[in-house]
Amino acid sequence: MTPSTTSDPYYDDLETRPPDVRERAQFEALQAVLRKAIAGAPAWSERLAGIDPDSVNDREALASLPVLRKSDLPPLQEGAPPFGNLATRAAGTFRHVFASPGPIYEPGHTGDFWRMARVMHAAGFRPGDLVYNTFSYHFTPAGFMMEQGAHAIGCAVFPAGIGNTDLQVETIASLRPNRYAGTPSFLGILLKEGDSRGLDLSSIESGIVGGEALTASLREQFDARGIRVLQGYGTADVGQIAYETTPGAGLVLDEDVIVELVEPGGTKPVPHGEIGEVVVTLLNPDYPMIRFGTGDLSKFLDSPSPCGRTAPRIAGWLGRADQTTKVRGMFVHPGQVQEIARRHPEVGRLRLMIGREDDRDTAVLQVSPRAGQSAPTDQILETARAVLRVRAQIKVVPEDALPDDGRHIEDIRAHD
């Protein structure tokens, strides 16, 4: 299909095809992906041993395949770096290799590899626009994900990256970009900083945000300024999964993924309308992700979408199926908290408390020293910043304040 380059609200004709046509086309594509994965990727050949690709022709058959969870990736990749024998082409033939906390390595390639153009088009991005991209270009693929999507549409991109708030607002006031890509909280920070310095940031007309929840209060602030902001939902492993087209009306699934919602930590799909773990099958023959368990929770919404797109919709991010969570756009794993404890034997228990204050994620590492010992807060803070890769405050609590319940991360943010 030829992408739209006009005022057409749809990126291409795929977005409005009949649901049964989409389902049939996706499973035909999946059979081809399975054949290539079994033939060209040793890890998939082992995981799918005995599976006839041509028999996987509907959701019931798909549900019989094993789930690959995010926690499975580090040991696979450690044994066969960098992609754990899950790619069907050599690592050196990709354009990039990225790293996410875990560590987990992901490939990047040419074109709109992560399929971000579709969500950007929905947010109003058009040829000739200037996109101010504040996602990181360092280690993780987020910055490149947005840049490639913008280029596929025909936009120019300013690679701002993260941090340097003072310089950022000066640049926006001078450069006058009309589109924004980044986390919603950072957009709020930039606008507030611009106001405090008397700088005009009104050139920004719309944006695509992700990496964290778009709260109702932030959306109201953006709306009051005439900035139309929509959410995208994806991961570094599979790229774009779903995207907002109408504020508050759920997220429409991408055209190149098959999404199931399964029992958290399990493999069986939950009934329609119930909350389950988002499991994604990516129709990418070079880096197939077949029944990839994201660990995120969501639920299906009744169709059709008010925007006219016919793909299924999900409610958005409703929490995590495990302790892994996302803070300021970065995943944090229980194993990272355990690593901090390993480096500081004088500490008995640790718990990372994730909250939200003034529309920003907060991270407080609660530290419980062992009996008769003290906690070196400066050293622990330095270790935490190196291991977690997000800034956290340190709070020393009494020895018996943290229960021995196996929990290392507690997310106390309210999820609407």
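**Nonpolar cores and helix packing**

Leaving aside residues up to four places away in sequence, Ile-208 touches Val-119, Met-120, Ala-123, Phe-125, Met-146, Tyr-180, Ala-181, Gly-182, Leu-230, Gln-231 and Gly-232. In this predicted model, Ile-208 is also, together with Trp-44 and Met-289, one of the residues that touch the most other members of the largest nonpolar core, a set of 66 residues. The largest share of this core is contributed by helix 6 (residues 142-153), which supplies 5 residues.

The axes of helix 7 (residues 165-175) and helix 8 (residues 184-196) come within 9 Å and cross at roughly 75°; because angles of 65 to 115 degrees count as roughly perpendicular, the two helices are described as roughly perpendicular to each other. On the side of helix 7, the contact is formed by Thr-165, Asp-166, Gln-168, Val-169 and Ile-172, which meet Phe-186, Ile-189, Leu-190, Glu-193 and Gly-194 of helix 8. The residues of this contact comprise 5 nonpolar, 3 polar and 2 charged.

In the other contact, helix 10 (residues 334-343) packs with helix 11 (residues 377-388) at an angle of about 145°, their axes being 10 Å apart, and the crossing of helix 10 past helix 11 is right-handed. Here Gln-336, Val-337, Glu-339, Ile-340 and Arg-343 of helix 10 meet Ile-380, Thr-383, Ala-384, Val-387 and Leu-388 of helix 11, and by class this contact has 6 nonpolar, 2 polar and 2 charged residues.

Notes
Residues are numbered from 1 along each chain as its sequence is written. This is a predicted model: local features need pLDDT of at least 70, side-chain atom pairs count only at pLDDT 80 or more; totals for chains, interfaces and linings use all residues. Side-chain values use heavy atoms; hydrogens and water are left out. Axes are lines fitted to C-alpha atoms, for helices over the stretch in contact, and angles run from 0 to 180 degrees between N-to-C directions. Helices (H or I, at least four residues) and strands (E, at least two) are DSSP runs, numbered from the N terminus. Angles under 35 degrees count as roughly parallel, over 145 as roughly antiparallel, 65 to 115 as roughly perpendicular and the rest as oblique. Contact means heavy atoms within 4.5 Å. Ala, Val, Leu, Ile, Met, Phe, Trp, Tyr, Cys and Pro count as nonpolar, Asp, Glu, Lys and Arg as charged, and the others, Gly among them, as polar. A crossing is left-handed if the near helix is turned anticlockwise from the far one by less than a right angle, and right-handed if clockwise. A nonpolar core is a set of buried Ala, Val, Leu, Ile, Met, Phe, Trp, Tyr and Cys residues joined through side-chain atoms within 4.5 Å. Buried means under 20% relative accessible area, exposed over 50%, partly exposed in between (1.4 Å probe, protein chains only).
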